[in-house]
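The account below takes up the elements, some contacts and the side-chain interactions in turn.

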Amino acid sequence: FVQTGFGCDQHGDRKGAGATSAAVRACRNAIEFNSIPGMVDHVPGGRKNMLIHVKLGIPEGYSVDHDEIRATFPYGRLLPVEVLH
């Protein structure tokens, strides 16, 4: 099951948390607007054991705080966050 989301940093904050803010917005967008509640019934172990794979596309020269990305998800087991430049 694939969910997608979009987030952007409208201020272009390269040295601060701009890319992290955009990444958190994208993750929240994916789970808030694309959620299919009936899927939980088909995951062995329910929400607690659901595996979550996050793949983020960010511009070269930016970085994201992986702990903030992890905190976005209220349940499930987050696999290592994959960042593509």
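**From the N-terminal segment onward**

Q3 is placed in the segment before α1, where helices (H or I, at least four residues) and strands (E, at least two) are DSSP runs, numbered from the N terminus. The structure is a predicted model, in which local features need pLDDT of at least 70 and side-chain atom pairs count only at pLDDT 80 or more, while totals for chains, interfaces and linings use all residues. Residues are numbered from 1 along each chain as its sequence is written, and side-chain values use heavy atoms, with hydrogens and water left out.

Q3 is partly exposed because its relative accessible area is 32%; buried means under 20% relative accessible area, exposed over 50%, and partly exposed in between (1.4 Å probe, protein chains only). Between Q3 and E68 there are 65 residues of separation in sequence and 19 Å in space, C-alpha to C-alpha.

The protein chain as a whole has 2 helices and 4 strands. Their order from the N terminus is α-β-β-α-β-β. Along the principal axes, the C-alpha atoms of the protein chain fill a box of roughly 40 × 20 × 20 Å. Of the 85 residues in the protein chain, 25% are buried. The accessible area of the protein chain is about 6,000 Å², and carbon and sulfur atoms supply 52% of it; areas come from the Shrake-Rupley method with a 1.4 Å probe, and for residues only the protein chains shown count as cover. Contact means heavy atoms within 4.5 Å. Among contacts in the protein chain between residues at least 6 apart in sequence, those joining residues at least 24 apart make up 71%.

Helix α1 spans 18–33. T20 belongs to helix α1, and T20 counts as buried because its relative accessible area is 4%. When residues up to four places away in sequence are not counted, T20 touches S63, V64, D65, E68 and I69.

I31 is also in helix α1. Is I31 buried, partly exposed or exposed? I31 is partly exposed, because its relative accessibility is 27%. With neighbours within four places in sequence left aside, I31 is in contact with Q3, T72, F73 and P74. This list brings back Q3, the residue in the segment before α1. I31 and K55 are 24 residues apart along the chain, and their C-alpha atoms are separated by 14 Å.

T72, one of the contacts of I31, lies in the loop between α2 and β3 (77–78). T72 is buried because its relative accessible area is 14%. Not counting residues up to four places away in sequence, T72 touches V24, C27, R28 and I31.

Helix α2 covers residues 66–71 and holds both D67 and R70, which are 3 residues apart, about one turn of the helix. How do the side chains of D67 and R70 meet? They form a salt bridge, at 3.0 Å from N to O; the term stands for a side-chain nitrogen of Lys or Arg within 4 Å of a carboxyl oxygen of Asp or Glu. A search of the whole structure finds 1 salt bridge. D67 is exposed because its relative accessible area is 55%, whereas R70 is partly exposed because its relative accessibility is 39%.

The loop between α1 and β1 contains R47. R47 counts as partly exposed because its relative accessibility is 39%. Its charged end sits over the ring of Y75, 4.9 Å from the ring centre; for this, NZ of Lys or CZ of Arg has to be within 6 Å of the ring centre and within 35 degrees of the ring normal. Leaving out neighbours within four places in sequence, R47 is in contact with V40, Y75 and G76.

I36 lies in the loop between α1 and β1 (51–52), and I36 is partly exposed because its relative accessible area is 43%. F1, I36 and M39 form a nonpolar patch on the surface, with about 300 Å² of accessible area together. Patches are made of residues with over 30% relative accessible area and no salt bridge, with like charges joined within 9 Å and nonpolar side chains (Val, Leu, Ile, Met, Phe, Trp, Tyr) within 5 Å.
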